[in-house]
Amino acid sequence: MKKSVFLGTVAAATLLAGAGFAQEGSTLAQVKERGELNCGVNTGLVGFAAPDANGNWTGFDVAYCRALAAAVLGDPSKVKFVPTTGQTRFTALSSGEVDVLARNSTWTYSRDTDLKLDFVGVNYYDGQGFMVRRDLGVTSAKELEGATICIQTGTTTELNLADYFRANNMTYTPVNIDSNAEGEQQYMAGACDAYTTDASGLAATRAAFADPENHIILPEIISKEPLGPAVRHGDNNWGDIARWTLNALIAAEEYGVTSRNIEELVRSSTNPEVQRLLGTTDELGAMIGLDAEWARRAILANGNYGEIFAANIGEQTPIGLARGLNAQWTQGGLLYTPPFR
Amino acid sequence: MSDTHAQTVPFVRDTMLPAAPPPTRESGAVKWLRENLFSGAVNTVLTILGILIIWFLVATFWDWFAHSVWNASSLTECRQIIAATWGENARGACFAVIRERWNQYVFGFYPQTLYWRPTMAFGLLMVALAPVLFSASLIIRRVVLAITTLATLLCMMVLGAPVGWLVFAALVLAGGLLASERNIAWLLPFSLIYPLLGVWFLWGGSLWGPIFVLVGPLLGWLAWRLLAGISPLLATVGAILVTVLFWLLLAGDAAQSAQAVLPLSIEAVRSDRFGGFLLSITIGVAGIALSLPLGIVLALARRSDMFLIKSLAVIFIEFIRGVPLITLLFVASLLLNYFLPPGTSFDIILRVIIMVTLFAAAYMAEVIRGGLAALPKGQYEAADALGLDYWKAQRLIVLPQALKISIPGIVSTFIGMFKDTTLVTFVGLYDPLKSMSDAVRANIEWKGIYWEPFIFVGAIFFLICFGMSRYSMYLERRLQRDHR
């Protein structure tokens with residue numbers, strides 16, 4: 001392993017010999033053999049993925065990676081986080097550099113089909129919004145006719161913005177920016193009237209301002225941004241594992257299974273659905289090539305979906321996002337996992 | 001006769017008049033100002049304009065710098081401190097982010113208990129560089145090595161290096177000082193093995209890996225000795241073949257078996273733990289050290305009479321110079337994975353170093369070709385007249401002069417390459433300028449901080465690049481052989 005520098009030379013030679021059979025073998029087997037899950041994450045997005053002062057990754061997407069590693073390898077710390085940029089993320093996944101991509105990526109038709117990815121579900125329902133200065137006197141996105149708007153290039157938000165203004169017969173002047181930090185800076189410096197990005201990002205940005213009360217987030221959400229983890233086309237078993245790990249976290253919240261009461265529920269729960277989820281009855285794990293306790297470990301890693309949400313981006317955190325669409329279907333949200341049966 | 005003369009001249013002054021002070025306009029600061037800043041109408045206007053610009057800059061940014069906060073745990077706290085100290089509407093820099101995250105800007109995600117290892121590697125790098133960079137002047141060498149020794153040992157102690165390694169570093173540094181006093185050439189073998197040693201310090205792992213990498217060229221040399229009697233060409237080919245084959249087929253297994261027999265290893269650190277200036281300097285130093293020899297070879301190849309060699313060199317140089325560095329980095333980080341067999345781990349930093357080296361080498365080749373072209377034809381003819389063969393002529397006569405001419409260009413390429421190392425941000429490595437700053441901003445405590453990291457990182461880049469540039473000027477002066 002540690003001769004990797006030196007193995008590079010070896011690899012350079014095999015490049016000539018072994019070109020052409022890149023994708024071979026099942027991802028599950030590879031991950032198990034490697035003993036480590038390669039998880040593609042954002043290089044840094046408040047609340048979703050960020051390394052702290054000691055280099056430990058935390059965040060909403062990071063928690064999913066850890067749950068998946070716990071389910072597959074039995075240890076939530078056996079994750080290698082591969083920071084990916086907006087440009088490299090999908091190539092990193094399809095080239096096999098990462099096993100799963102949990103990088104707040106929007107599930108779209110072309111990404112799912114043309115880019116040959118499989119989105120395994122939605123872990124955060126986001127939508128694009130606008131932030132403006134309060135003294136601009138604008139209360140609705142419909143009033144942004146002729147505005148200059150800071151917009152991050154190479155993202156779906158750029159396309160949504162063009163669609164929205166075209167549909168409403170309005171014009172705008174885009175100010176292209178490269179990163180959130182630059183966008184905030186341009187917006188604060190007055191280079192643009194409005195800043196647009198995903199609503200979760202806007203909330204985090206506004207929370208970090210010196211004067212949040214002078215900025216408002218307009219009520220219109222102009223796009224659907226279902227963010228979710230993705231895997232490669234072609235390895236359905238690995239896709240199943242990734243999908244049902246996410247589902248297990250969501251189902252756990254629905255059934256009231258938390259990281260604190262899980263041990264107790266394993267012993268005493270009489271709810272058959274909970275019993276199946278926690279692997280005390282039936283052998284659901286074997287159907288995806290894992291053991292019976294996979295979901296138990298996934299939930300134990302960071303708690304259920306609700307706990308992960310609350311710890312990273314929920315209302316108790318400085319980011320302060322409400323559950324909204326991301327509440328359980330029983331609470332008026334969109335989270336609805338198929339039954340564990 | 002003399003009497004007559006004495007009478008015709010009633011008074012002869014026998015002491016000199018004391019020199020009158022020059023007019024105030026022609027001396028001191030006034031003169032300097034008149035000559036340099038106000039020597040004409042245009043210059044006067046330009047001077048006033050320049051002063052106004054400086055005044056504007058200072059007036060705009062002074063309060064921001066003056067209100068700097070160095071001690072806080074979040075941007076919000078910074079703002080509170082500034083508001084409390086300087087008033088509600090005051091603005092100020094929040095350099096506390098640097099104070100809190102300096103370790104990440106310097107070492108990236110390198111394990112904190114092992115910070116002493118890169119520090120030691122850097123200190124020993126100076127020892128390894130001494131015979132190359134400071135071979136001429138004993139005093140400069142003494143000062144550089146003494147400062148290095150003190151700083152390295154002090155830093156290692158502060159960072160909690162184990163005693164054994166402290167002693168090791170102290171011995172090597174003391175050896176360097178001693179060699180520098182007696183005969184600097186003694187250090188050359190150390191310079192030669194330093195690349196392997198440095199890699200081992202930084203990445204850790206088994207010592208047997210580097211040892212067996214070293215064995216390769218030794219076996220190659222042996223093969224060369226054996227075959228040299230038969231044919232020099234065969235010997236060269238054989239030596240290269242033996243070295244490469246040994247590396248590819250045997251070295252890995254041999255290192256593993258040796259490790260099993262006698263474990264000699266330090267804690268391994270993975271490439272994804274590298275970041276910040278550690279990453280920049282690693283890539284930069286490796287790129288600089290590798291691109292100069294490669295550039296020389298390419299420049300000579302491009303001027304070669306042999307068609308094949310010349311065409312290959314031209315194609316390589318023009319291709320690399322025609323493609324943006326970011327493209328090459330993307331190829332290194334993403335495209336290669338499609339071709340490599342699954343499961344091979346081809347280190348990302350190594351991939352980036354290779355690409356950066358190739359990129360810099362192509363530019364280097366053109367810079368050196370310029371130096372070669374600037375050399376009068378007489379020098380080449382003189383070398384031929386002396387009966388020197390091609391390599392001797394290049395080594396003894398042509399290259400020393402051509403390289404001397406090319407020094408400014410070479411150092412420019414180095415500086416450019418070092419700054420280009422920040423582009424690794426696009427392949428997901430944590431360069432100090434953008435990726436590391438974005439990662440810091442991704443924590444809610446520091447979200448919204450913008451200029452401070454740029455200023456800090458920019459200042460350090462300036463120090464390093466300015467150092468390189470001053471060194472090149474020193475080198476030019478030292479190598480000056482003509483009388484002007």
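This is a predicted model: local features need pLDDT of at least 70, side-chain atom pairs count only at pLDDT 80 or more; totals for chains, interfaces and linings use all residues.
Student: Which hand does the crossing of H9(A) and H13(A) have, left or right?

Tutor: H9(A) and H13(A) cross in a right-handed way. Residues are numbered from 1 along each chain as its sequence is written, and chains are lettered from A and ligands numbered from 1 in the order in which they are written.

Student: At what angle do H9(A) and H13(A) pack?

Tutor: Two packed helices are described by the angle between their axes and the distance between the axes. Here the angle is about 70°, and the axes are 9 Å apart. So H9(A) is roughly perpendicular to H13(A) (65 to 115 degrees). Axes are lines fitted to C-alpha atoms over the stretch in contact, with angles from 0 to 180 degrees between N-to-C directions. Helices are DSSP runs (H or I, at least four residues), as are strands (E, at least two), numbered from the N terminus.

Student: Which residues make the contact?

Tutor: H9(A) gives A:Thr245, A:Ala248, A:Leu249 and A:Ala252. H13(A) gives A:Ala295, A:Ala298 and A:Ile299. Contact means C-beta atoms, placed from the backbone, within 7 Å. Six of these residues are nonpolar, one is polar and none is charged. Nonpolar covers Ala, Val, Leu, Ile, Met, Phe, Trp, Tyr, Cys and Pro; charged covers Asp, Glu, Lys and Arg; the others, Gly among them, are polar.

Student: How do the axes of H3(A) and H9(A) cross?

Tutor: Their axes come within 10 Å and cross at roughly 110°. So H3(A) is roughly perpendicular to H9(A). This crossing is right-handed. Among the contact residues are A:Tyr64 and A:Leu68 of H3(A), and A:Ile241 and A:Leu246 of H9(A). The contact has nine nonpolar residues, one polar and no charged.

Student: Where is A:Asn104, and is A:Asn104 buried or exposed?

Tutor: A:Asn104 is in strand S5 (residues 100-106) of chain A. Its phi is positive, about 30°, although A:Asn104 is not a glycine. A:Asn104 is buried, with 25 other C-beta atoms within 10 Å. Buried means 20 or more, exposed 12 or fewer, and partly exposed in between, with C-beta atoms placed from the backbone.

Student: What about A:Asn169: buried or exposed?

Tutor: A:Asn169 is exposed, with 7 other C-beta atoms within 10 Å. A:Asn169 sits in the loop between helix H6 (156-167) and strand S10 (172-177) of chain A. Its phi is positive too, near 55°.

Technical notes:
Angles under 35 degrees count as roughly parallel, over 145 as roughly antiparallel, 65 to 115 as roughly perpendicular and the rest as oblique. A crossing is left-handed if the near helix is turned anticlockwise from the far one by less than a right angle, and right-handed if clockwise. Two residues are in contact if their C-beta atoms, placed from the backbone, lie within 7 Å.
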